[in-house]
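I opened my notebook on this one to look at the ligand site first, then at a pair of helices.

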Amino acid sequence: MIHNGSHVAAPSVAVAYHSGFGHTATLAEAVAAGATDAGAHVTMISVDNMADGHWDVLDGADAIIFGSATYMGNVSAAFQAFAEQTGRRCMNGTWRDKVAAGFTNSGGKSGDKLNTLMSLAVFAAQHHMHWVSLGLSAGWNTSTSTEDDLNRLGFFLGAGAQTNVDANPDQVHPSDVRTCRHLGHRVALVTRQFNLGRAASSPAASSAPAR
Ligand SMILES: Cc1cc2nc3c(=O)[nH]c(=O)nc-3n(C[C@H](O)[C@H](O)[C@H](O)COP(=O)(O)O)c2cc1C
């Protein structure tokens with residue numbers, strides 16, 4: 001049988017993020033816009049202010065893109081509180097084989113935010129999710145390139161952004177916004193490919209360990 005993908009629903013993508021001062025929220029909107037552009041159904045979830053039904057959205061999503069401001073060189077306390085609420089889901093494998101990715105934002109140009117992306121990736125791995133990298137070469141790394149390049153800060157594990165601590169949320173760097181938009185787009189495409197692959201393979205196939 002030839003599968004042309006028409007029988008597979010648009011991927012559902014949740015963007016689960018924490019932003020104390022609005023900068024990471026601006027990036028979350030860009031991630032969501034990129035995923036929407038790629039045909040996904042997207043739900044944005046501010047993890048310190050979850051509405052009724054948001055856990056169901058997360059449990060039903062094909063992909064979850066995690067985002068956190070970098071505080072003290074790691075995810076924020078609010079994001080970690082959210083992560084710790086997922087312990088039973090982790091034990092039960094509720095999010096197993098969903099697609100995952102991540103983004104963060106810091107005040108420093110580096111700000112130790114690679115550690116935040118690593119925490120998000122480990123969190124996804126604990127849930128047996130499939131981590132999607134940023135998929136961009138490093139920008140702004142030659143004498144002729146500029147800070148307006150995509151991926152201007154040169155991250156690979158996820159999207160890394162930098163916003164001056166005295167900036168307003170609408171002053172997040174346009175390159176970082178476009179980089180996050182790219183991430184959302186990429187995750188939606190990869191998730192669609194996963195869904196097509198699953199639809200084309202045995203419905204009984206599962207990566208869960210045999211017991
Ligand atoms: C408690 C706290 C800790 C922070 N720690 C870091 C840090 O480790 N590295 C850094 O570069 N910026 C740090 N910052 C700055 C924030 O990352 C920066 O202001 C960011 O834009 C905030 O994002 P938000 O508006 O989404 O909360 C910290 C800010 C706060 C409030």
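**Ligand shell**

I sorted the shell around the ligand by class and got five nonpolar, 13 polar and one charged residue (nonpolar is Ala, Val, Leu, Ile, Met, Phe, Trp, Tyr, Cys and Pro; charged is Asp, Glu, Lys and Arg; the others, Gly among them, are polar). A note on my source: this is a predicted model, where local features need pLDDT of at least 70, side-chain atom pairs count only at pLDDT 80 or more, and totals for chains, interfaces and linings use all residues. Residues are numbered from 1 along each chain as its sequence is written.

I found 19 residues surrounding the ligand, with Phe21, Thr24, Gly107, Gly108 and Gly111 the closest (near means a C-beta atom, placed from the backbone, within 6 Å). Helix H1 (23–37), strand S3 (63–71) and strand S5 (99–106) each give at least two shell residues, and S3 has the largest share, three. Helices (H or I, at least four residues) and strands (E, at least two) are DSSP runs, numbered from the N terminus.

**H1 against H6**

How do H1 and H6 cross? I read their axes, lines fitted to C-alpha atoms over the stretch in contact, with angles from 0 to 180 degrees between N-to-C directions. The axes of H1 and H6 (residues 174–200) come within 6 Å and cross at roughly 40 degrees. The two helices are therefore oblique to each other (under 35 degrees is roughly parallel, over 145 roughly antiparallel, 65 to 115 roughly perpendicular, the rest oblique). By class, I noted eleven nonpolar, five polar and three charged residues in the contact of H1 with H6.
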